[in-house]
Amino acid sequence: MKKRISESLVVEHGTICCASCAHALGPAGASWKKAAALSTVPVKDLPGTGSNVEPRVVLRRFACPNCGHLLDTETALPEDPFLEDVVSV
Amino acid sequence: MCWSISNTWPAGNDRDWTMDPITFSIIRHRLFRVIEEAVITLKHVSGSAVTNEGHDLMVSLYQADGSLLMGGVGFLHHLTSAAEACKAIIRKFAGQIADGDMFLLNDPYTAALHTSDIYVVAPIHHGGRLVAWSACFVHVTDIGAMNPGGFAPEAQDIFTEGFSSPGIKLIDRGELRQDLWDTILNMVRSPEMVALDLRSMIACNNVARERMLALINKYGTDVVDDACRTLISQSEARLRERLRELPDGRWQSRQYLEVKGEIYKVLLTMTKQADTLAFDFTGSSPQSKYSVNCSKWASLGGLFAPLFPLLCYDIVWNEGAIRPITMIAPDGSIVNCTRPAPVSVATVGAIQSVNNAACSTIGKMLAASEKYADEATAVWHANHFAIFMFGNNQRGRLAIGILTETFAGAGGARTFGDGLDIGGEIPNPISRMANVETIEAQFPIRYLFRRRLIDSGGAGKFRGGAGGELAIVAHDAPDGGIHYVLSGKGPRFPQSDGLCGGYPGAVNDYVWVHAPHQAHNTDRFAQGLREIPGDDEPISWGVFPLMGDDALYVRWNGGGGIGDPLDRAPEKVKADLAAGVISRQAAGEIYGVLETAGSVDEKATAAKRKQLRRARLAAGSPQ
């Protein structure tokens, strides 16, 4: 039985999966981000950027490594760890 | 998101119901109306745009012990802080609280958010017994801080942030204490406007007190007391029930602030377990030497500001809704600073970061629920800019006031739709901006333009609402212009976080355009930053002139988006392009939508989206 844990992720048979293609990303109740495809883009390079944006800040984009669907994003300085969201299922 | 009252009879509560439900409902609605009428009174008496237009205000009712009885609208950070103000007054004036008294409190280390948000609290007595409190605040025109308007980016400690009281009796048994009144007004700029601010709160409390007494006279003390206790137990039961329906888990959010090259973090870990919710700010930065800090009461208010509308949209906002919530805020951190750290910019600094972080984690929790996913939201307008203008106006009088566009906001995206363009903000359900003409009538300035800002709403399947941009120049100024205090702590980091793959809203920006020497050649009708002649200087923190033909350009952030932008319906992207809300660059590079001859090219769009997804895969895993 599938159980939603975000708009883009579900848990099925004790495994966190991409909601789009059901690709497995890791065990439920644990962090899944390290199993995702991570691409970063400097915020200063995004459309609509300001004149004074911190050059080091990036948008981390975590995508499903199978279908490329975007699962989550976070704004971060390079030295900061991933934000961890863990849903108990 | 709507602020409404459920007509559902309390569930999950095991007390014996002795009151008939109709009487209970009448009293509950009447309490709301008491607040509504008090807010109207406050606005009628106040003469400032920040109160009347921006709705930087709050009115609520409290129980005899100071705990929240009925939270009102306005800035919701104040609901819990004003409770602390009532409790501080109860402690400080034990045995000296009489019918007809009113007390003033604005010390941030006692209860207030910053010195310029003054609380005036009034005990309500019936038959000689203290039965309730009315409390309200407005951001007064000035508080005597080193910078006009109350926000003091140049302050180094609380002592330079103006008059600060942990509690004084302003009205004694119905009589204004003239000596205190004169003393307060002697410490502030624009005393006539501050007097109006204070009188608006006195009038507001008078109306609240009269209406509460009319309610008690009609139904009797015991019945009203019983209804109030029931309301509180009902709110607690209903919020706990809602929390039990939501998944257990732990969610994180991180907000960055920057002041003069120093970067600060607010890190939040929110843990939901059974029917409790804990907010832990461990890992946040140490307190700053700049005035972006906030006290622990301010942080508590800051996290409740999004919690009330997002989790209690159909639950009365009172003490019962507070009981399931706990907070950890490390001493000496930017979210629980130690006196005498400066805090005058707190409301747009650390408090707003607490707001944003709580909005983000609550949004994630809601998005994890089948039942409540439609209540989830990305972060709304996350960055106030607090520009206070001051100087002699076209009538030769000192004018001090805020650019109310900071209250215009931008909606975060929802799981079922886009955020509202210039759509307000989560912590204040009634915030708005003044008309251009209102500001131009008050200050010697002219707007060159004010409109939605392109590419400001965070991209997503559902995009964040657009923010805005404006430019002003001096106009008809007897001194050649005016000055302004800018407390813009966030032009370097996006703060309106996206959700579930959505992008954040764009950043704020402040640009001082230095006019060329040939002032007569200046384009007085420029319609964009690039059209304003002169040299651009990004600014964010301090006091600046707006003189001669110089211009001030300001843009404010959009809301965060939700979901993968490549899932956005191409026709919606096309509509955004046509409306000027997104650029062609964003349509192609972020949304992967391409047009041919004014129509969506479906084949090219599909190929572009495939290419963008492949590029994500090529980036690889961080493992």
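Two strands count as paired when DSSP finds at least two bridges between them. Keep that in mind as you click around this predicted model.

Stop 1: Select strand 8 of chain A, residues 86-87, together with strand 8 of chain B. Two bridges join these strands, and they run antiparallel. Now pick out Val87(A): its bridge partner in strand 8 of chain B is Gly249(B).

**Stop 2: the wider contact.** Show both chains where they touch: 53 residues of chain B and 39 residues of chain A take part. On the chain B side, colour strand 8 (249-259), helix 9 (350-367), strand 17 (509-514), strand 18 (535-538), helix 12 and helix 13, each of which supplies at least two residues. Strand 8 of chain B gives the most, with seven residues. Colour this side of chain B by class and you get 21 nonpolar, 16 polar and 16 charged residues.

**Stop 3: helix 11 of chain B.** Move on to residues 570-579 of chain B and show Pro570(B), Val573(B), Asp576(B) and Leu577(B), the buried residues of helix 11. Look down the axis of this helix: its buried residues fall within an arc of 115°, so they line one face. What do they pack against? Bring up helix 12 (584-589), strand 22 (599-600) and helix 13 (602-619), also in chain B, and you have the partners.

How values were computed
Residues numbered from 1 in each chain as written. Chains lettered and ligands numbered in written order. Predicted model: local features only at pLDDT ≥ 70, side-chain atom pairs only at ≥ 80, totals over all residues. Buried ≥ 20, exposed ≤ 12 C-beta atoms within 10 Å, placed from the backbone. Helix = DSSP H or I, 4+ residues; strand = E, 2+ residues; numbered from the N terminus. Arc of directions from axis to C-beta. Contact = placed C-beta atoms within 7 Å. Nonpolar A, V, L, I, M, F, W, Y, C, P; charged D, E, K, R; others polar.
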